[in-house]
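Me: I'm new to this one and I'd like to learn how to read it. Could you walk me through it, a feature at a time?

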Amino acid sequence: MNLLHRYFCFKTLTYYIFALSMLTASSGQQPQVQIEAYFEPSAVTLSNSSAYKIIIQGSQNSPKGSIPNVPGLEISNNPKTFRKVSLINGVTSIKLELSFSTRPTQKGIFTIPAWPIMIDGQPQTVPAATLRVLAPTQLDIENQQKQNQQQQDLKQAAFIEFSMPREYVYEGETIVSNVGLFLWDRMPFTRIENAPVKQSEAFSATEFGQPAEKRNVIKYNKNYTSYSWKIGLTSTTSGNHSLSYHSSVRVRTNNKRSTPFNSPFFNDPFFGFGREESIKVSSENKLIEVRPLPKSGRPSQFNGAVGAFKIRSKIDRDHVSLGDPVRLTFSISGKGNFTSMPAPSFEKNKDFKIGPPAFSFQGDMQTKFEGTQNFEYVITPLTPGLLKVPTLYFSYFDPDLEKYQSISSVEHPLRVDPGEKWVDQGNTRSVGEAVPSSKRFTTQDLFQTESEPGVWQNTFISSSLLQSIAFWITQIIPLAAFCLLLFIGLKKRYRGVQSHKQQEITFLKDLKKYLSYNDSKKFFRCYRSIIQFKVGLLQSHPNPYALSSDELIELLEKANKEKDLISKVRLLLIKFDDYEFAGVDQKTLNLKEEFRQALKIIKKLK
Amino acid sequence: MTRFISTLVVLCFIGSQSLIANSKDKLFYDAVRAEASGDLLTAIDLYEGASKVSKSSNLHGNLANLYFKTEKYGKAVLNYRRALLLDPGNRAFQENLNFALETAGVNFPKTDLSIYLNSSSIDFWIISLTSTFWVGALALAFLYFQGWNQKKFIFPILIWFLLLCFLFWGAYTSTGNKSLLTREVIVTEINENESNASQNIPLRRFAGSGSSANTYVKPGESLWLNLSSNSLLQSHKSLSGQKWFLVQSIDNSKKGWVKSDAVSFLTRSE
């Protein structure tokens, strides 16, 4: 109703004046307000709409009120209004008509009950109105079918399809899914705005890379170009989850606005006369069952690997000195959730110091579903002797066999030589004397010794840039540029000021000349030019001589000049107009006095 | 004759330089050999000798490793810090320093911001400050003479000024941190003939061995020398010729007089 209220305010003043004059011309009595309400037509079929009309006679002022809601009817809140003032047999008739578009949503008889409305501050009542909604005719049904077909066609113009290898997946399992975007060849698609975006929190997907393009794909008896992405999809939580994809494509459409080229040929989007629009393309929602991993028979080493795998391990050396690092590479090959597979961990081992592993994956980088995941551990032997590199256990869940599997790496033998022991020269002990355990070094304490000195420097802290002469010399360049800019700018400005001064002097000379000739017309014309010039300068107006009297006053007010000065200039401008255009008697004029006043005003207009 | 003398001077200079270069390289390689043969104390002496001639990150890194192996954590920390001053991006030194500090039981407070405001970032702040100043000044002058309305200048000038303030703060703080670095000392181990079972160094109330200790500091801890009112380092020389420094921790929680041989300047070789 707010809109309704606003609508009434949008009428021209003349219309009101006319209406008021008509009212004044009438008997002078307060007109009686009469309200009618009805539907036009009063009976419609389900697929058609009717107009709910309210006719107010005797007032044109904005009414206030709200139409009651009637279930089964959708009433527009943007009414059409019509006002009419007529004089019939000397009696003024005022009429205001409001028409609300109404659309039924179901069959039946609907009545908008009587409802209150405020007109001219007086409460009034809008009478009840009834609409009969009939069953749709055959024509209506055909139209509806046509509309549905159009929507179906639009859906078939661009759509997304995606494949799932199974109806269900296991929690944490990775599957390869093909997501295809199909674009109908007859639609003028210009580009794909973005790759399909997954609409589900229950799955994580690998990145959508470059799509594989395929032309002339036949679907629904139509020719399509398909763009497909192969992705790895990993389920994150168990339960039934819906999965869909959305994308956006840009398409050229006809220009709706009427243009001089409003012809079928010029409006053909293929010829570039249309405009581009973004269309959202969606896939169907698929419900996917994510099964939880069985709890029974779960090995203690299991840490989330789901798939079918084989393992392999190797060490880079089998004979080292104490403290020398050995690289153990543990490889897991096969098909599965490589993206969410943590590194298998060793059991605690006092013979080795084991660092965190480095990860590397070789295989299908797009889906990360099939390939080999390598974990490279750096292990440092802490005791000499013939040691065995600790075994790594790996457990995974096989979704095809639907059971857990456990495998372990082979035991690698490693020979560790003790190496040379350091004896503190200052605390030389006799042979055979035991070294206190607290003073014994472990290999954890070893650091890498650099055999080259590297770059020699004289101080620990390099000297600051502020102490460098080169830095200060470099500052001369921007300083010189700044000075040059300042010089050029000031020179340009000074030249401008000079020319303005010269212009002002010329004007004053002319003013004096016309004073000596006693030519009041030219004197005032010159006087006006000076004022225009000075006011123009104040506000940097590009063409001050084109300024009218009002504009000059406006500019002076904008420049916050004294009120006294503004009023003086206003009077002067009126005087100029009077002398120039109104033919005021010039004999009584004292030009010398005017000249003196002019000098004062010009001085103040700085 | 003059030509002959000047040539001789130049030749002498070049010769002395190459001798110095040779001596520091020789000392370094001798130290590496001594270390490889297990003679760590000789290696330490040789590295120390080389460090008096010149400095290199690898030299101080190796020296720190040796001090660590000989359980002189204070000197190990000192040399790792020096190695990091010469090669700030070396992760191995940083990790070794952390390990040495952990072994020595010393907390080393370091904020994330400190890496942007240390002595090595002064040049970055100064270059940014001068560039911003000149670019802004030139652009504003140009626009002013192009006839830009004065009201339009308020916002760009405000942004320029705020940016200059921020960069000036960065440059000022970095310079302050640099000067702080020159006053930083690392607590090193006490002389072996002095008995101190806990290895902790006392910070005394007065500059004298007989004075009671305010507090104790561990080898490897960082302390800063106090400045007197005339901006000189506050020190005292006792009758026995022993030099004392008035030091304090960065948070001022520990303060007192310490013997000069119990601390080593981070940026100065003794």
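Me: Let's begin with a sheet in chain A: in what order do the three strands of the open sheet come?
Reply: Keep in mind that this is a predicted model. For a sheet, you read off the order of the strands and then how they pair. Here the order is 12-21-18 in chain A, and the pairing is mixed.

Me: Which strands are the edge strands?
Reply: Look for strands that pair on one side only. In chain A those are strand 12 (168-170) and strand 18 (239-243). Going from one strand to the next, the twist averages 35°.

Me: In which sense do strand 18 and strand 21 of chain A pair?
Reply: Strand 18 and strand 21 (residues 286-291) of chain A are antiparallel, with five bridges between them.

Me: What about a hairpin? How many residues lie between strand 16 and strand 17 of chain A?
Reply: Two residues sit between the strands of that hairpin. Strand 16 (212-219) and strand 17 (222-235) of chain A run antiparallel and are joined by six bridges. One pair to look up is Lys214(A) with its bridge partner Ser226(A) in strand 17 of chain A.

Me: Where is Tyr220(A) found?
Reply: Tyr220(A) is in the loop between strand 16 and strand 17 of chain A. Check its backbone angle too: phi is positive, about 50°, although Tyr220(A) is not a glycine.

Me: Is Tyr220(A) buried or exposed?
Reply: Tyr220(A) has 12, so it is exposed. Asn518(A) also has a positive phi, near 60°, and is a residue other than glycine. Asn518(A) lies in the loop between helix 4 (469-517) and helix 5 (520-538) of chain A. With 11 other C-beta atoms within 10 Å, Asn518(A) is exposed.

Me: Which peptide bond is cis, with omega near -5°?
Reply: Omega describes the peptide bond itself. The cis bond runs from Glu40(A) to Pro41(A). Pro41(A) is in the loop between strand 1 (34-40) and strand 2 (43-45) of chain A.

Me: Now for helices. At what angle do the axes of helix 6 and helix 7 of chain B cross?
Reply: Two packed helices are described by the angle and the distance between their axes. In chain B, the axes of helix 6 (residues 122-145) and helix 7 (residues 154-182) cross at roughly 160° and come within 9 Å. Angles over 145 degrees count as roughly antiparallel, so helix 6 of chain B is roughly antiparallel to helix 7 of chain B. Their crossing is left-handed.

Me: Which residues make the contact between these two helices of chain B?
Reply: From helix 6 of chain B, they include Trp125(B), Leu129(B) and Phe133(B). From helix 7 of chain B, Trp160(B), Leu164(B) and Phe168(B) are among them. By class, the residues of this contact are 14 nonpolar, six polar and one charged.

Me: And between the chains, how many residues does the contact take from chain A and from chain B?
Reply: It takes 33 residues from chain A and 40 residues from chain B. The side of chain A that touches chain B has 16 nonpolar, eleven polar and six charged residues.

Methods:
Residues numbered from 1 in each chain as written. Chains lettered and ligands numbered in written order. Predicted model: local features only at pLDDT ≥ 70, side-chain atom pairs only at ≥ 80, totals over all residues. Contact = placed C-beta atoms within 7 Å. Nonpolar A, V, L, I, M, F, W, Y, C, P; charged D, E, K, R; others polar. Pairing = 2+ DSSP bridges. Helix = DSSP H or I, 4+ residues; strand = E, 2+ residues; numbered from the N terminus. Axes fitted to C-alpha atoms, helices over the stretch in contact; angles between N-to-C directions. Parallel < 35°, antiparallel > 145°, perpendicular 65-115°, else oblique. Left-handed = near helix turned anticlockwise from the far one by under 90°. Buried ≥ 20, exposed ≤ 12 C-beta atoms within 10 Å, placed from the backbone.
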